[in-house]
Amino acid sequence: MRFMVIVKADVDSEAGVLPDKKILTAMGKYNEELVKAGVMLAGEGLQASSKGARVRFSGAKRTVTDGPFAETKELIAGFWLWQVKSKEEAIEWLKRAPFDGGTEVEIRQVFETEDFGAALTPEMREQEERIRTQVAGKR
């Protein structure tokens, strides 16, 4: 099972305040543990929403809104993509993360091809596999 582990933004991350050496060292050690255990597939921190944009879709109309965005509690500061056996395993790994100070982290399961059942035709499955192979080859 794959899970996206979503680190919520806060006032500091939205202000562009970078983590200090102590936090970076602790997070680097934690990430190494995840990699050694075969859990971590990807992980990145995100720039403040002031450097981003949102695109709203309404029929054929596309509306672009530049950041920053007001609701900090709804924003993402970073993420991991993990491969684990269960949500409980993901939670156990997350409990070991070097966070404090009220940081909120969300865990969401990623859809797998088989989750779509018959709605995903054999042609669509083949296309999905081809795309995943192409993406993996570019890494």
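Pro68 is placed in the loop that runs between strand S4 (61–66) and S5, where helices (H or I, at least four residues) and strands (E, at least two) are DSSP runs numbered from the N terminus. The model is a predicted one, in which local features need pLDDT of at least 70 and side-chain atom pairs count only at pLDDT 80 or more, whereas totals for chains, interfaces and linings use all residues. Residues are numbered from 1 along each chain as its sequence is written, and side-chain values use heavy atoms, with hydrogens and water left out. The peptide bond joining Gly67 and Pro68 is cis, with omega of about 10°; most peptide bonds are trans.

Leu41 belongs to strand S2 and is partly exposed, its relative accessible area being 46% (buried is under 20%, exposed over 50% and partly exposed in between, for a 1.4 Å probe and protein chains only). Residues up to four places away in sequence not being counted, Leu41 touches Arg2, Leu81, Trp82 and Gln83, contact meaning heavy atoms within 4.5 Å. The C-alpha atoms of Leu41 and Asp20, 21 residues apart along the chain, are separated by 25 Å.

At least two residues of the lining of the largest pocket come from each of strand S1 (2–8), helix H1 (11–14), helix H2 (21–36), strand S2 (40–45) and strand S5 (76–83). A pocket is here an open set of points on a 1 Å grid over the protein atoms alone, where a 1.4 Å probe fits, with protein on both sides within 12 Å along at least five of seven lines, and lining residues have an atom within 4 Å of a point. H2 gives the most to this lining, with 6 residues.
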